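Here are some friendly notes to read alongside the model.

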Amino acid sequence: KFNYNYREMGAEQRLTELQGFVSSLLEGIGEGVIVVDRDFNIKFANNGYCKQVNAALDDIIGKPCYKVSHNSDVPCNERGSGCDCAVQKCFQTGEHYRALHVHHDKDGRPLYIETNAYPLKDPAGTVTSVIEALYDVTDSIRLAKQLDETKERYRSLYDNAPDMMHSLNADGIIVACNATEERSLGFSPGELIGRPIEEIVVQEDHEKCAQKRDLLRTAGSFEVELTLQARDGKRIPVQVSSRAIKDDLGNFLMSDSILRDITEKKQLEAQLLHAQKMEAVGLLAGGIAHDFNNILTAIIGYGNLALMQQQNQSQAQYYIEQLLASTERAAYLTQSLLAFSRKQIINPKSVRLSEIFAQMEKMLSRIIGEDVDLKIYTAPHESAILADSAQMEQIV
């Protein structure tokens with residue numbers, strides 16, 4: 001304990017008392033403190049410094065600070081590593097100087113130390129020694145590095161997300177966007193920043209876009225389908241999900257949006273619509289075929305009755321026979337339509353495939369065009385099969 005009545009003591013006793021007080025004061029400081037002479041040799045080190053470098057006091061006193069702190073054989077300023085030596089600057093300027101150093105303990109582990117060098121001068125004002133306070137900021141530096149790594153990982157996830165993403169300020173200006181959006185729209189990195197959102201939205205969606213932005217201020221979020229326009233003119237339908245970013249007082253600051261490309265979805269919807277139309281056509285064809293088949297049945301019936309009234313091979317009989325042949329062909333077509341619409345009940349009978357193909361030859365020739373020759377080859381001896389002739393024609 002320092003005796004504040006040191007004026008009553010002798011000079012030697014007062015010096016001893018003062019040295020003890022200063023030593024006690026420096027030892028009480030949790031951070032490292034050393035005193036270095038002009039040759040960078042350590043003249044004093046407190047317990048905090050010994051803990052920082054993980055070395056005993058006897059292994060420190062008298063040794064160069066660069067050897068103890070940096071495990072180096074040359075001073076910091078001579079290593080060419082760009083290390084800013086606070087002690088050297090303090091000796092040169094005679095003023096306090098601060099720098100960030102990387103020290104090493106005796107096991108070679110790095111320690112991030114903030115150094116503050118203060119000059120100790122003689123009565124003539126010459127700096128004879130420097131007292132250096134060393135604050136271990138290793139945890140803070142490592143935390144900052146971890147934060148930077150986290151930010152980098154987040155940025156990587158943001159840029160490489162499969163969906164487009166951007167942020168707009170209160171005026172609808174793009175202030176951030178990911179690389180996916182830049183690539184999808186054909187822009188170079190950073191080119192979209194500062195552009196109004198209307199520049200990448202097709203003209204017919206501008207009003208809808210403005211309405212949703214106004215809604216965002218009150219509702220806080222919205223979803224909408226918009227169409228983007230790439231630099232090359234390509235139109236990209238997107239599903240947009242946006243949310244508002246507000247300050248602590250509830251004032252609107254900006255918005256974050258995720259834009260999912262729904263081109264494939266739109267194509268599937270178009271295919272489904274086409275399939276539904278084809279189904280409707282099939283239903284219509286089936287209904288017409290049923291009605292037409294009923295009419296043909298009546299024509300065939302009356303034609304057969306008229307034919308029965310003919311007693312000889314008159315010209316009228318020939319006409320009636322041709323009429324019946326034509327109506328049978330028409331009835332056959334209605335069966336094909338019913339088969340296409342899947343409304344014809346399967347009616348298997350004993351048939352020969354060669355006969356079915358022969359009946360189809362004229363129709364097939366008209367379908368495939370005049371630039372293709374159609375030839376049908378049938379077996380000389382063919383057995384009958386049990387099948388529905390209309391269904392067999394659909395297979396062909």
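1. Asn-54 counts as partly exposed, with a relative accessibility of 34%; here buried means under 20% relative accessible area, exposed over 50%, and partly exposed in between, using a 1.4 Å probe and protein chains only. Asn-54 sits in the loop between α2 and α3, where helices (H or I, at least four residues) and strands (E, at least two) are DSSP runs numbered from the N terminus. The phi of Asn-54 is near 55°, a positive value in a residue other than glycine.

2. A word on the source: this is a predicted model, in which local features need pLDDT of at least 70 and side-chain atom pairs count only at pLDDT 80 or more, while totals for chains, interfaces and linings use all residues. Residues are numbered from 1 along each chain as its sequence is written, and side-chain values use heavy atoms, with hydrogens and water left out.

3. For the overall picture, the chain has 11 helices and 12 strands. Of its 396 residues, 31% count as buried. Contact means heavy atoms within 4.5 Å; among contacts between residues at least 6 apart in sequence, 44% join residues at least 24 apart.

4. Is Phe-40 buried or exposed? Phe-40 is buried, with a relative accessible area of 14%. Phe-40 belongs to the turn of a hairpin made by β1 and β2, which have four residues between them.

5. Next comes strand β1 (residues 32-37). Six of its six residues are buried, so β1 is largely enclosed by the rest of the structure. Gly-32, Ile-34 and Val-36 point one way from β1, and Val-33, Val-35 and Asp-37 point the other way.

6. Which strands pair with β1? Two strands count as paired if DSSP finds at least two bridges between them. β1 runs antiparallel to β5, with six bridges joining them, and Ile-34 stands opposite Glu-132 in β5. β1 also pairs in the antiparallel sense with β2 (residues 42-45), over three bridges; there Val-35 has Phe-44 as its bridge partner.

7. Ile-34 turns up again in the largest nonpolar core, which has 25 residues. A nonpolar core is a set of buried Ala, Val, Leu, Ile, Met, Phe, Trp, Tyr and Cys residues joined through side-chain atoms within 4.5 Å. Ile-34, Ile-42, Tyr-49, Ile-60, Val-87 and Val-130 have the most contacts inside this core. Among the elements that give it two or more residues are β1, β2 and β5, while the largest share, four residues, comes from α4. In soluble globular proteins, nonpolar side chains tend to be buried together.

8. Val-130 is worth a look on screen. Leaving aside neighbours within four places in sequence, its contacts include Ile-34, Val-35 and Val-36, as well as Val-87, Cys-90 and Phe-91. A second, separate core of 23 residues includes Ile-174, Ile-197, Val-224 and Val-238.

9. β9 and β10 pair in the antiparallel sense over nine bridges, and they form a hairpin with five residues between them, with Gly-250 in the turn at a positive phi of about 85°. β10 is also joined to β6 by six bridges, and these two run antiparallel.

10. How many cavities of 30 Å³ or more are there? There are two. A cavity is a set of points on a 1 Å grid over the protein atoms alone where a 1.4 Å probe fits but cannot get out, and lining residues have an atom within 4 Å of a point. Points are joined across faces, edges and corners, and a volume is the space filled by probe spheres set on them. The largest cavity has a volume of about 140 Å³. It is lined by 17 residues, and the closest to its centre are Leu-168, Cys-209, Phe-222, Leu-226 and Val-240.

11. The second largest cavity holds about 60 Å³ of space. Its lining includes Ile-34, Val-87 and Glu-132, and α3 gives the most, with three residues.

How values were computed. On a 1 Å grid over the protein atoms alone, a cavity is a set of points where a 1.4 Å probe fits but cannot get out, and a pocket is an open set with protein on both sides within 12 Å along at least five of seven lines; lining residues have an atom within 4 Å of a point.
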